Number of protein chains: 2
Amino acid sequence: MTSTPLGDALSRLNTPTLLLDRARMRGNLQRMANHIRNLDCVLRPHVKTHKSKDVLAEVAAAGNVIGITVSTLHEAEYFFENGQKDILYAVSITPNKVEIAATLIKRGCALTVVADNIAMAELVAARAWELGVVLPILIELDVDGHRSGVDPQGEDLLPLARAIAAADGALLKGVMTHAGESYACPTLEDIKAHANLERDRTVMAADRIRADGVECPVVSIGSTPTAVMAENLDGITEIRPGVYTFFDLFQAGLGVAKVDDIALSVLTTVIGHQPAKGWVIVDAGWMAMSRDRGTEKQAVDQGYGLVCDLDGAPLGDVIVGAANQEHGVLMARDGAPALDIKAFPVGAMLRILPNHACATAGQYDIYNVIDGEQLTGEWERTNRW
Amino acid sequence: MTSTPLGDALSRLNTPTLLLDRARMRGNLQRMANHIRNLDCVLRPHVKTHKSKDVLAEVAAAGNVIGITVSTLHEAEYFFENGQKDILYAVSITPNKVEIAATLIKRGCALTVVADNIAMAELVAARAWELGVVLPILIELDVDGHRSGVDPQGEDLLPLARAIAAADGALLKGVMTHAGESYACPTLEDIKAHANLERDRTVMAADRIRADGVECPVVSIGSTPTAVMAENLDGITEIRPGVYTFFDLFQAGLGVAKVDDIALSVLTTVIGHQPAKGWVIVDAGWMAMSRDRGTEKQAVDQGYGLVCDLDGAPLGDVIVGAANQEHGVLMARDGAPALDIKAFPVGAMLRILPNHACATAGQYDIYNVIDGEQLTGEWERTNRW
């Protein structure tokens, strides 16, 4: 299919395996770093997308980063052991996790956690106090009905702030939110409006807490769509996008990235055909792509992924239209002409762009890194809890 | 929530984590072993569901097992290194994987591979010959239009059999199929009919090859639904179910298992509530459950999983109705009364039954094993390729 040095190097890899295009990733990281700097704000990037110290080194190199955001305490332990000291654990902590958090704090980690209700805040503060530490806490706000969080305009906010400020084992550091409903915005104008809503409601919550006489230094927001579309971050002290590191088909479908920005792909090999159906079977099924079908409800349904040649160029309307555990079925998108299966001989290798970078990367322990025309080696990734 | 010894032990685990009920698994394994023995046939169980030497020891202890089926060569290496010598790799092999297969064969592994077209069979046979081994090959049949395989009634079968028999680096061992469309059967009677179709078409293909003067000793079929519903396996030399080891909500939805047979669950902790919506938020999102929504098109949609108390008893109509990466949203099934969120205080622990055991288990590296009222320890699991 190809005779480039990169193609030759890729053809020696076992499939399926995960590829990371370093130049694309660097472009994504630099654009975001510059954009947020231009808005006089700083990044606390979410590392749940990549879970890799090697990727984090690139994130840091792009600049304008004051710490990281993690989705699990396992990530916090991993990144702390790899030199990262300022860490926000952005999923509500539970009593059975306080000991892990306390151990990190005692080892010197500036770990902050989140809570959205008095019962949990008091439980975890009491447990922290028992263990001899004080937990820095951000109040999680629900700005758009997405999932967790307290209403920034509601009556539960100030009692929660006072309870955290008053608890022996807790320190109120501020407020945070994740405007997850930005993922459901139909147009870029809607995302822009959602970014304003995320900022305004979060700043309002901080102002209410301050007017109540409680300190609220941190005002933290973030999702990739709202970060990309933000035009004004006045009052915000940090922003926490994550998937912008790699981007994916879902973000391209939202319009906040181009398909050519997507830095992750899955390398696969053609294993057979069903000529009567116009199907090409490859060795990347849902275990290799993840079960994420996030583009299903977007204007362009990408199946389980968009198929590219070995150099990464998309092949028009060829998608992974169906998937079993270790089998992917390439087919033409609905309405497009059937595949010319002769163009996909057995043994040929292809690349597949993922719907959702976090989910697909979660199926692997390593990244095969491509830098320009070279396959430069493997970067590690950590998973689990 | 509970004061049983098991509940106390579970409450000390970090969440989310994967639980395996050994007694339920043993029941599943023994019923299948007896059922297939009663049909005068033997099992070559698929290990892709569990990927664990410890689980395989239980599979073997249930008896009537002549070898294993794997979905990746990584599984083949892992199980060979753990004492398993007779292994069928049931996904079409590719030229870039022959070296791994050849190495296993040279180390003494009785490894068999599959192929469904002459081009691939000749490519891999040539590569094997170059590497100094002969590859035992089963021809993969397409009995129900599910994905890969050659038509058992079509004109491509005999030329493929002759080509494999004639190739220096290959040895034709027989035929195999996977009746994957059994997963789409609406009733048990349909699955029974599908089991007959799987058997009849596979035996017919073997008979055609033999009538053509080529040996065809192995006649291999298998899917969990058709294995459970099989009434007659005349002419079949082995059957390869996998997910019956653990079962899951999808199989229960098909009717080939009871919910009480499901041996896997995810342990989770309540992290908060959205009282106005009747939502309970837990720390098991789609990273913990997988993105599999296989029950979505069944009569009963189980969301991302069915919620149970800490002892494993289902809580009626409570499901994981929505999921983010690390957040699960418990809600009442459509049409059922809203949750009484006071019954789910923050910090409470619950168990969630999975839609698809293969996908959910794939999100973990270990099983926390429950035996009766004891938490007996961790069993390992291998992932990747």
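Modeller: By class, the lining of the second largest cavity holds 5 nonpolar, 4 polar and 2 charged residues. Keep in mind that this is a predicted model.

Colleague: Which residues line the second largest cavity?

Modeller: From chain A, the lining takes A:Trp286, A:Met287, A:Ser290, A:Arg291, A:Ala359 and A:Gln363. From chain B come B:Trp286, B:Ser290, B:Arg291, B:Ala359 and B:Gln363.

Colleague: And what is the volume of the second largest cavity?

Modeller: About 70 Å³.

Colleague: Do the copies meet through the same surface or different ones, and why?

Modeller: The same surface, because 100% of the interface residues of chain B are interface residues in chain A as well.

Colleague: How many residues does each chain put into the contact?

Modeller: Chain A gives 58 residues and chain B gives 58 residues.

Colleague: What area is buried between them?

Modeller: About 4800 Å², with 51% of that coming from carbon and sulfur atoms. On the chain B side, B:Arg147, B:Arg384 and B:Trp385 supply 17% of the area buried against chain A, more than any other three residues.

Colleague: Back to the cavities. How many are there of 30 Å³ or more?

Modeller: The structure has 10 of them. The largest cavity contains about 90 Å³ of space. It is lined by 13 residues, and the closest to its centre are A:Thr15, B:Thr72, B:Tyr89, B:Lys97 and B:Trp385.

Colleague: What is the lining of the largest cavity by class?

Modeller: There are 5 nonpolar, 5 polar and 3 charged residues.

Colleague: Changing topic, how many aromatic pairs are there over all chains?

Modeller: The count is 8.

Colleague: Which charged residues lie over the face of a ring?

Modeller: Among them, A:Lys277 lies over the face of A:Trp279, 4.2 Å from the ring centre. A:Arg293 lies over the face of A:Tyr304, at 5.6 Å from the ring centre.

Methods: Residues are numbered from 1 along each chain as its sequence is written. Chains are lettered from A and ligands numbered from 1 in the order in which they are written. This is a predicted model: local features need pLDDT of at least 70, side-chain atom pairs count only at pLDDT 80 or more; totals for chains, interfaces and linings use all residues. Side-chain values use heavy atoms; hydrogens and water are left out. Contact means heavy atoms within 4.5 Å. On a 1 Å grid over the protein atoms alone, a cavity is a set of points where a 1.4 Å probe fits but cannot get out, and a pocket is an open set with protein on both sides within 12 Å along at least five of seven lines; lining residues have an atom within 4 Å of a point. Grid points are joined across faces, edges and corners, and a volume is the space filled by probe spheres set on the points. Ala, Val, Leu, Ile, Met, Phe, Trp, Tyr, Cys and Pro count as nonpolar, Asp, Glu, Lys and Arg as charged, and the others, Gly among them, as polar. Rings of Phe, Tyr and Trp (its six-membered ring) pair if their centres lie within 6.5 Å; planes under 30 degrees apart count as stacked, over 60 as edge-to-face and the rest as tilted. A charge sits over a ring if NZ of Lys or CZ of Arg is within 6 Å of the ring centre and within 35 degrees of the ring normal. Buried area is the accessible area (1.4 Å probe) that two parts lose on being put together, summed over both.
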